[in-house]
Amino acid sequence: MASHAITIGDFTIKPGEHRTIELPLAAMVTHNDVEMTVHVVCGKKPGPVLFVAAAIHGDELNGVEVIRRLLQQKQLNRLNGTLIAIPIVNVYGFLNNSRYLPDGRDLNRSFPGSSKGSLAARIAHTFLNEIVRKSTHGIDLHTGARHRANLPQLRADLSNEEVQRMAGAFDVPVIIDSKIRDGSLREMCDEAGIPVLLYEAGEALRFDELSIRAGVRGIINVMREINMLPHKRHRLHNKKPLISRNTTWLRAPHSGVLRALVPLGAHVKTGDVLGIIADPLGTSEYRVTAEEEGIVIGRTYMPLVHEGEALFHLAHYEAKSEKVYSQLEAFQERYEPELNPDAPFDPHNAPIL
Ligand SMILES: [Zn+2]
């Protein structure tokens, strides 16, 4: 057997093979079998083993489409190393349009799990042993929650040099140097010494074309950086990434009906009004104001809010705000879905609007 063949479950994938395998999970209550579909692309030459996972939260869909597009890349024929793509980790949540498992557990708080535990513990255990422990690098794809959208951003532990290198290559204007949450996949990767990026973009149960495009491109950029794919002769966007070490949430000062006044990506200054909360008759109004300059990297789209609810997520930077904002604008222009009536229609790659 060639040195870099990889065995997942009962299957061994040899150099030069592309294979879809099914990892068995606990059956549904109907007795129907449930499997986690894993696509493995084993390159002809050895190299890193990268897992790309989506829908660990079952209602987070952008990553599923990111993986579909990634697997269509012809350049995967020239892959060094192995790509392990898992479009739907939380199969049960996905079937129910739910973030959670049927028992209400959050898979991303259930690692390392166990083979004899609850449904969440078992999936976590399978994923950890069959995927994570066989990888050298990882990318975990997420979105905001329901009615909440995130500007494309990375969460990463930048104290790890390899993570820093991957994050820099990915090409998003917002990188948050963030601590690792208990029981998360990211924590497990950290313990196993596997550098991992968490990509957060868009909203649950929605497709967002810009988030999807930036995700596909970001993964390819990382694969080039770690020498899984050939480098482009010219690097188009090799600006130093901007890192935010401090983000804050603006919360509702009062319950009521919110009129949000700023889009995702807006640059707000101290004292700017981001939204107004009123009672339904409009007799009393409360302003939501920025206490500090920043970029809006997350916001609610639900106009009905309760006192204390998180409304706007702001990232703060040490770098000059003009620099941050110009990078952000360039990013948005780069990935904005164009409406070009003359472009030939390609149903596999047509922008989702
Ligand atoms: Zn998530």
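**First stop: helix α7**

Select helix α7 and colour V324, Q327, L328 and F331, which are its buried residues. A residue counts as buried if 20 or more other C-beta atoms lie within 10 Å of its own, as exposed if 12 or fewer do, and as partly exposed in between, with C-beta atoms placed from the backbone. Seen down the axis of α7, these buried residues fall within an arc of 100°, so they line one face of the helix; the arc is that of the directions from the helix axis to the C-beta atoms. On the other side of α7, the residues E322, A330 and E333 are exposed.

This is a predicted model, in which local features need pLDDT of at least 70 and side-chain atom pairs count only at pLDDT 80 or more, while totals for chains, interfaces and linings use all residues. Residues are numbered from 1 along each chain as its sequence is written. Helices (H or I, at least four residues) and strands (E, at least two) are DSSP runs, numbered from the N terminus.

Now extend the selection to residues 321-335, the 15 residues of α7, which reach 21 Å from the first C-alpha to the last, close to the 21 Å expected at 1.5 Å a residue. The expected span is 1.5 Å times one less than the number of residues.

**Second stop: the strands around β5 and β6**

Select β5 (residues 45-54) and β6 (residues 80-86), which run parallel and are joined by six bridges. Two strands pair if DSSP finds at least two bridges between them. Within β6, T82 is the bridge partner of V49, and I84 stands opposite F51. Include helix α1 (residues 62-71) to see a right-handed β-α-β unit made by β5, α1 and β6. A crossover is right-handed if, with the strands pointing away from the viewer, the path from the first strand over the helix to the second runs clockwise.

How many residues of β6 are buried? Six of its seven are, and the strand is mostly covered.

In β7, H137 is the bridge partner of L50.

Then turn to β4, which runs antiparallel to β6 and is joined to it by four bridges. Here H39 has A85 as its bridge partner in β6, and C42 stands opposite T82. Strand β4 (residues 34-42) also pairs with β3 (residues 18-25), in the antiparallel sense over eight bridges; H18 stands opposite V41 in β4.

Colour domain 1 (6-225) and domain 2 (246-317), as given by the domain assignment of the protein chain; the bounds come from an automatic or database domain assignment. Their centres, taken over C-alpha atoms, are 31 Å apart. Nine residues of domain 1 are in contact with eleven residues of domain 2, contact being C-beta atoms, placed from the backbone, within 7 Å. On the side of domain 1 that touches domain 2, β8 (148-156) and β9 (174-177) each supply at least two residues. The largest share of that side, five residues, comes from β8.

**Last stop: an open sheet**

Finally, select the four strands of an open sheet in the order β16-β15-β13-β18, with antiparallel pairing. Its edge strands, β16 (285-289) and β18 (304-305), each pair on one side only. Five bridges join β15 (residues 273-278) to β16, where E285 is the bridge partner of A278.

Definitions and conventions: Two residues are in contact if their C-beta atoms, placed from the backbone, lie within 7 Å.
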